[in-house]
Amino acid sequence: MFIRQNIQSLRFFRTTPAMRCPYLPHRLETKLVTELSGPDAISQHDTLTDAGFRRSHHFVYKPLCDGCRACVPVRIRVRDFEPSRAQRRIQRRNEHVHSTEVQALATGEQFSLFSRYVLTRHRDGDMADMDFDDYRAMVEESPVETAIIEFRDDSADGRLVGCCLVDWLSSGVSAVYSFFDPQDPRRGLGTHMILWLAAAAARRGLPYVYLGYWIADSTKMAYKQSFRPLEFFGPDGWVELPTT
C-alpha cells in the first residue's frame, strides 16, 4: 500500500459483522476503516485518498473483503482529459443547467431530490431507508473541506436537478456522492456533473478527479470507464486503466 507519510497513529479495524455487498450478488462486504480527527485530519485525508481510500462522515474506508478485490479506486487524470463526442452531446443537452458551489448544509429541497433518486436507482440498498437526519449527517459531518455543487435548470424556473457532495483535496476533487433527477435519463445528468468536476479541477490547477470505486462486473459502475484517461490504484500504485 502506497502511503506517503507516517500515519501510524491511525487505528485500523475491520467492520463486523460483514454486510451484504450492494454491488455484487451473493457476496459480503468488509471494510478497513479509520477515523479522521484532530489537527492532521486534512493531511491524513489527502494521504489516504491518494492510497485509494474514500470518506464517509468522519471516517475513511477501503473494501477489504475475503476472497474479493473487485472494488478498484479510480481517478480521472485531468490534464489529459478531453470529453468524448458522446459527452459533448450531453453537455449540449444540459446547456440550460447552471451550477453553484454552496456550503455543505443539508436542505429539504436536496433531500427530496436525493430520496427520489435513491428510490429509483438504488431501491434495494441501505440508502433507501435514510431519513432527513441521516442525509444531514452524510452532508454535514465532515472534518475536511467539503461542499455541495447544486445544479439547477434555468429552463424550469431554477429547479434543482442534481447535487454533488465533494471534498476538495490538495491533489484534486473527490466526488463523495452524487444524485440527480431520475425522470429523464437521456439528459445524462450524472455524466454532466462529472464533466463539471473535471473542468473545475482544471481551473484550480488540480490534477485529479477521484470517482471512488469501479467494479468491472457491476453495471452501476460501468459509466466510470468512459472518462479517459482513467487511472486505477493497484499493487504498483496509480496506473492507467487499459482501454478494452
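## A report on the predicted model

A hairpin joins strand β10 to strand β11 through three residues, where helices (H or I, at least four residues) and strands (E, at least two) are DSSP runs numbered from the N terminus. The model is predicted, and for that reason local features need pLDDT of at least 70 and side-chain atom pairs count only at pLDDT 80 or more, while totals for chains, interfaces and linings use all residues. Residues are numbered from 1 along each chain as its sequence is written, and side-chain values use heavy atoms, with hydrogens and water left out.

Two strands are said to pair if DSSP finds at least two bridges between them. By that rule β10 pairs with β9 (residues 146-153) in the antiparallel sense over eight bridges, and Phe151 stands opposite Gly162 in β10. Strand β11 (residues 172-180) also runs antiparallel to β10, to which seven bridges join it, and there Phe179 is the bridge partner of Cys163. The hairpin of β9 and β10 has five residues between the strands.

### The whole chain

The protein has five helices and 14 strands. Its radius of gyration is 18 Å, close to the 18 Å that the globule rule gives for 244 residues, so the protein is as compact as a globular protein of that length; the radius is taken over C-alpha atoms, and the rule is 2.2 Å times the number of residues to the power 0.38. Along its principal axes the C-alpha trace spans about 50 × 40 × 40 Å. Of the 244 residues, 49% count as buried, and the protein exposes about 12,800 Å², of which carbon and sulfur atoms supply 50%. Contact means heavy atoms within 4.5 Å, and among the contacts with a separation of 6 or more, 66% come from residues 24 or more positions apart.

The UniProt record, in an unreviewed entry, lists residues 20-89 as "domain: N-end aminoacyl transferase N-terminal"; such annotations may be inferred rather than shown by experiment. Over residues 20-89 the chain is 20% helix and 31% strand, and the end C-alpha atoms are 37 Å apart.

### Nonpolar cores

A nonpolar core is a set of buried Ala, Val, Leu, Ile, Met, Phe, Trp, Tyr and Cys residues joined through side-chain atoms within 4.5 Å. The largest such core has 54 residues, of which Phe114, Tyr135 and Val209 touch the most other members. Among the elements that give two or more residues to this core are β9, β10 and β11, together with α3 (108-121) and α4 (132-140), while α5 gives the most, with nine residues. Leaving aside its neighbours within four places in sequence, Tyr135 is in contact with Ala106, Thr107, Gln110, Phe111, Phe114, Met130, Ile148 and Phe179. A second, separate core of eight residues includes Leu36, Leu48, Phe53 and Val60.

### Individual residues

Asp46 lies in helix α1 (residues 41-49), and its contacts, leaving aside neighbours within four places in sequence, are with Leu169 and Ser170. Arg121 is found in helix α3, and, not counting residues up to four places away in sequence, Arg121 touches Phe180, Pro185 and Lys220. Although Arg121 and Phe179 are 58 residues apart in sequence, their C-alpha atoms are 9.6 Å apart in space.

| Residue | Relative accessible area | Class |
|---|---|---|
| Asp46 | 18% | buried |
| Arg121 | 35% | partly exposed |
| His57 | 22% | partly exposed |
| Asp157 | 82% | exposed |

Most residues other than glycine have a negative phi, and most peptide bonds are trans. Against that background, His57 has a positive phi near 60° and is found in the loop between β5 (54-56) and β6 (59-63). Asp157 likewise has a positive phi, near 55°, and its place is in the loop between β9 and β10. The peptide bond from Arg228 to Pro229 is cis, with omega near 0°, and Pro229 is in the loop between β12 and β13 (230-234).

Technical notes. Buried means under 20% relative accessible area, exposed over 50%, partly exposed in between (1.4 Å probe, protein chains only). Accessible areas come from the Shrake-Rupley method with a 1.4 Å probe; for residues, only the protein chains shown count as cover.
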